[in-house]
Each structure stands twice: as structure tokens, then as C-alpha cells.
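Hi everyone, thanks for coming.

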Amino acid sequence: MAADILDVAPSLALCGATVVVALDPPEVVTADVVLAGDRIATVGSAPPGVPRRDCSGTVILPGNVCAHHHLYAGLSRGMPYHLAPPVTFTEILQRVWWRLDRALDEQSIRASALRGGLDALRAGTTTIVDHHASPHAIDGSLDIIADTLAQLGVRSVLCYEVSDRDGPERAAAGIAENRRFLARSQESAQGLARGMVGAHASFTLSDDTLAQLADVARAGGVGVHIHVAEDAADQADARARCGYGVVERLDRAGLLTEQALLAHCVHVAPAEIHAVADTGATVVCNPRSNMNNAVGHSPFNHVAPGVGGGVALGTDGIGGDLFAESQVGWFRAREAEVAMPGSWPLARLTDGARFAGGVHGEPLLGSLRPGAPADLVVLDYPTPTPVTADNLVGHWVFGLTSAQVRDVLVAGELVVADRRSTRVDEAEAAAETSREAERLWARMDAIAAHEFTPERSRR
């Protein structure tokens, strides 16, 4: 890769910044970041004659990765709610999210991706790993999301959330959508989107559907993106269904692989933690969502570094701000264990970039080393104290915010400049998403709470 970069003329120099070359272990220098096309060419002194962008007084970071998102929640902010308040996690799904996803159509899928993608970029998130569901608009839904995010300039990893909760025909359609989009993303490997195989959770999936998901993932050479033991109901269902826990059920089905992405993993026993680690799968913690849903705190927050495929961070649909997510996650982890290593937030974000980089075939994603994809964020951060490798985590937890994001580059292109998208008219986008939100909410009001329960599915 380094030799290839030498063949490309420098295209832009970001000059005079404090540059975070890597998060874990931290590496910080004062330098210019020189780009060559879609790559980092050098971090040092810009050669003469290269177009320059003044970044003096700023901090330049690798772009953040949201390792578990639900972009279909993009129009849910302020959403009206008229049913009885849910008191269990299953009721939250039945009365809120499984009504919202059934109300989605092609227009609201696009508007949700537009809103969510813009919010993520403006917050310094350059890669989104999304987990999509729209039971009444399955075919082509991943194309809508991929094309909308590409229009904005967001790197992505997409899948459709297969579930048996809406019947066998929709489960089959979800499997077909994953298979179709995988083929598309592999044919256009130079684009910003890649595919995985998506699955909701063990408690909404039959043995036959699990087997089909494993077959599609194996044939496509990818992993499965699935919720695991987010709530105790998932474990209870697995034990009632087959006599053992969720992790063993997924492992026996062939879904626990080195390429798998396991969201939440809250209600897992020590033996299950070791089993996941042994497979090399990546776990994604979603601290704000877990706190909001009162489902508990993932023990994977405390797993020793270097175990398995790592422990990444996601938002689970609560926006695209990984500064906020990593800070809340750090305080929640420290509340549980005051001796938590200070490197926790930086390690979590590095693990997310490592996973997304693996899917994209970009092992240097998440760093600003020569040859890495030029996915980076420029923060207007007038720090009162020096930023060094030794104190970066202190600045990250107590100083950095998404409000400081000035510029964002993805694949070497300036997609946010001076806090505004360079790709779309943000006022027009806001008007479009507002109109679609009202239409979506009206459709949702006509949809009753979902009747699916784990008990009913086992009969």
C-alpha cells in the first residue's frame, strides 16, 4: 500500500494540528496530515505546492465507528406515544419498535438514513454498522440505506434483521435481502458499503431460520450481526426451547464465528463470556440504550483486553455520537468498577474500527498512518492544556464533544466543511425528514402492539 501511495500525487494537506495518529495505544504528534486521493500519505511536514487547509489550533482524529446502529430510528425523536407504558423489555419491543418498523416504507427508510447519516457525520462518526428492519418494505431496503449514506459520504456495513416474529414469508424475504445485498456489495467492492447477515435475536428465531442464516453467512464469507442476551428474556427462551443458553444455541447453529458481531451481551454467564472470546467474535456494548431500557450492564465491559475479537461501542439507534456514547460508557463502567483502566473508551473505539476495517478490507481503518483510509475528523478544540499520548483519554472523557466537530473527511473527501455537509442541502434535508416523520407517526398510530411473544413462538 505504501508503494501505491507514492504513485498518487498529494491532494490536500491539513496543516498545523495536533494529530492523534492512533487511539490505542495513543499516539499524538503535532504535524500536517497529507492526503493522496483516498489515503493518508504522510503525517509530518506538507511538501510545497499541495493545496492546504488551515487546521492550526485543532485536533485531528481518526473518524469514529458506530459498531451497532438502527438507522430506522432516525425519525423517532419526539415520536408521540399513546399506548400503556411498557414495563418490560419485551413490551418495549411490542409497543414501540415493532410498531415503528412495521410502519416504515421506502420513503421513510430513506429519510431515516438521511437523518441518521447526517447526525453521525456531524458528530464525527465516519462509519456506521447498521442493523435494519422494515417488515413491510424488505426488498431493496438495504439499497436505499446504502445509496443514501453514499450520497452523504458515510462508510457503512449493512444487514437486514431477519426474524420469525412476522411470519415465515417475511423471514424468508429478509434472508433473501441479505443474500442479494451481499452480492451487490461484493461486486462493487470499491464503494463505501459492505454487507453482513442480519438476525434479530435468538428468542425470535427458529432453528430452521438460524440454520439458513448460517448458510448465507458461510456462502458469503461474512459474519452474522445479531442481538445476544440483551434482556433476560432471551436467555429464558433459549433454555425453555433447547435446555441451554443463547450463546450455546448460536454456537451450535454455526453463527458464532470470528466474523460475527454480537450486540449487547448483557445477560451472559462467565462460561458464555469465555465461549464468545474463544470464537474471536466481536461484542458491541451499547451503554446508553441498556440504561434507557433498564436491561443491565454488559460484563464484557470488564473483559481483559486482547480477548476474542474485541469489545466495540454502538448506539443502538440513539443517534450517531460516539463521543457521548464512549463517555457515558466510561462513567457507567467506572461506577461498576473504580479500578477500570483509563484506556477503556479508546480501546472500545479502536475495537470498533478494527471490526469495520476487517469487513472493508482496510486493516488501518481507525488510524492515521500512511496507507490508511483518509477517514478523519477535525475538532475545533481550544484546549486549556496540552494534548499528549499520556493524557489523551483525559481530554477524551472530560473535554471532547461532537459540538467541536468542524470538518469530516471520508475516503479523502471533505464531506463536512465548517460544520456543514458538502453533499446535501441540510435545510432541505431537515424539511424532508420532518415531513416523513409526521407521515410515519400517523401510520404508526394505526398499528397495534405486536402480538409476538417468545412463549407463543415455542408452541
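One term before we start: buried means under 20% relative accessible area, exposed means over 50%, and partly exposed is in between, using a 1.4 Å probe and protein chains only. With that in hand, Asp 316 is buried, because its relative accessible area is 13%.

Some housekeeping. This is a predicted model, so local features need pLDDT of at least 70 and side-chain atom pairs count only at pLDDT 80 or more, while totals for chains, interfaces and linings use all residues. Residues are numbered from 1 along each chain as its sequence is written, and side-chain values use heavy atoms, with hydrogens and water left out.

Back to Asp 316. You'll find Asp 316 in the loop between strand S15 (311-313) and H11; helices (H or I, at least four residues) and strands (E, at least two) are DSSP runs, numbered from the N terminus. Its phi is near 55°, which is positive in a residue other than glycine. Most residues other than glycine have a negative phi, and most peptide bonds are trans.

Cys 265 also has a positive phi, near 50°. Cys 265 sits in the loop between strand S13 (261-264) and helix H9 (270-279), and it counts as buried because its relative accessibility is 0%. And the peptide bond? From Asp 24 to Pro 25 we have a cis one, with omega near -5°. Pro 25 is in the loop between strand S1 (12-23) and strand S2 (26-36).

Now the inside. A nonpolar core here is a set of buried Ala, Val, Leu, Ile, Met, Phe, Trp, Tyr and Cys residues joined through side-chain atoms within 4.5 Å. How many residues does the largest one have? It has 98, and Val 228, Leu 262, Phe 300 and Leu 379 have the most contacts inside it. Helix H3 (residues 106-122) gives the largest share of this core, seven residues. Apart from that core lies another, of 16 residues, including Val 33 and Ala 372.

Let's zoom in on Phe 300. Leaving out residues up to four places away in sequence, Phe 300 touches Cys 265, Val 268, Ile 273, Val 276, Val 283, Cys 285 and Val 311, where contact means heavy atoms within 4.5 Å.

On the H11 side, the contact includes Trp 330, and on the H12 side, Trp 344. That's my tour!
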